[in-house]
Amino acid sequence: MLRSMLLAAAMATAFPAMAADDPVPGLMKAADVPGLAIAVIRNGKVVSVKAYGYRDVEKKLPLTTDTVMYAASLTKAAFAYALMGLVDDKRLDLNASIATDLPKPLPDYEKYADLAGDERWKKLTPALLLSHRSGFPNFRFWPPGKDFDDKAPLKFYQEPGTKYGYSGEGINLLQFVVENGKGIDVATLMQDRLFKPFGMARTSMSWRDDFADNNTIGYDMDGKAIPHKQRGSTRAAGSMDTTIHDYANLVAAMVRGDGLSKAAYATWLKPVVRIHSVQQFPTMGAPDSNDNDSISLGYAMGVGTFDSPRGPAFFKGGHDDGTNNVFVCLERSKDCVLIMSNSSHAESIFPALLDATLGKTCFPWYWEGYIPYDQPGLKGQPVVPNAHPACPR
């Protein structure tokens, strides 16, 4: 009922103009989401930035548009966009082996010694790493089909370049190559290419002391409080702290193509692999599916892509315990929505919020694992291939 009311309201008036009939508080209450922020972009311009609920429930501290939130894997999309500037400058060749940049073989570095004797590392390129075709698991300590193992070696579980398999390990490897092979500090790169030019004053790749007065406490699926982690080092796969205000500026810049040549921008958004897995996680071993064939679900250089009823779209999610984030952009109209939350429950209202702000997009919510709060029967159930098409024909 609440979801139908939401969609009806969205048809009646533009989401940013909603006031008394704003559906967000009701959705948050229904899904037990303590804090959520949402930004709407129309024609490449940020038209609305709002924050709801609490950054700290116990202390009753409100979430604001300047509250520092954990970006999680939204970091990956930002990193990829910054790297495309290096492509423009001819300082990075997306299709060259990482062996051409590193001063010594990858296995000679202690962090990657597990790959000794496996020459397939030479097949890896920036394009393969950005589009999640490395063949690595998400992280080495999550080997496919096994429980967490902090002593698991790094190894290939798929032939590099053959298939999509989401991998933060691969993104961090690309950071390693950029820093150790090209001498480019990634934190400085992000500051110079993104944070300064796009007005992201409260964004950093690691913790800053001035974030201490206004940052989020996260809340897991059981409502347990998770203190904000003060990350001391840069990780391209997900160390960024930011605000809804700052990251909205970045998403608007991304959908406009600011800072990149037309050629580099087109390359950033060009799908290079089709995705047939029934869900994104686990990253390997899940059955294939035809669920998203009708929307041509794929991956480009750091962002997911699909065909919406209004043309091509790109997106990126960010997930951790106590953190749920996503943005979706429609390329032709340059309309986007960015949602950030300090709750593990927030993903359950993402499908409704995306529909309310962008209309019907055919976003692949089941593939992302965004089980709607009003469909609890799907939660915790075995994945079912070919049962959840994003956009039925």
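A search of the whole structure, which is a predicted model, finds 2 disulfides, a disulfide being a pair of cysteine sulfur atoms within 2.5 Å. Local features need pLDDT of at least 70 in this predicted model and side-chain atom pairs count only at pLDDT 80 or more, whereas totals for chains, interfaces and linings use all residues. Residues are numbered from 1 along each chain as its sequence is written, and side-chain values use heavy atoms, with hydrogens and water left out.

With bonded cysteines counted along the chain, the disulfides of the protein chain follow the pattern 1-2, 3-4.

Another disulfide joins Cys362 to Cys391, at an S to S distance of 1.9 Å. This pair links distant parts of the chain, 29 residues apart, with Cys362 in the loop between α9 (350–358) and α10 (365–368) and Cys391 in the segment after α10; helices (H or I, at least four residues) and strands (E, at least two) are DSSP runs, numbered from the N terminus. Cys362 is buried, with a relative accessible area of 5%, and Cys391 also counts as buried, at 15% relative accessibility.

The largest pocket has a volume of about 1200 Å³, a volume being the space filled by probe spheres set on the points, which are joined across faces, edges and corners. Its lining comprises 46 residues, of which Asn138, Trp142, Phe281, His319 and Asp320 lie nearest the centre. The elements giving two or more residues to this lining are β11 (311–320) and α10, and the largest share, 5 residues, comes from β11. By class, the lining of the largest pocket has 19 nonpolar, 15 polar and 12 charged residues, with Ala, Val, Leu, Ile, Met, Phe, Trp, Tyr, Cys and Pro counted as nonpolar, Asp, Glu, Lys and Arg as charged, and the others, Gly among them, as polar.

The second largest pocket holds about 220 Å³ of space. Cys362 of the disulfide with Cys391 is among the residues closest to the centre of this pocket, together with Asp355, Phe363, Trp365 and Ala390, out of 14 lining residues. The largest share of this lining, 3 residues, comes from α9.

Definitions and conventions
Buried < 20%, exposed > 50% of the residue type's maximum accessible area, 1.4 Å probe, protein only. 1 Å grid on protein atoms, 1.4 Å probe; cavity = no way out; pocket = protein on both sides within 12 Å on 5 of 7 lines; lining within 4 Å.
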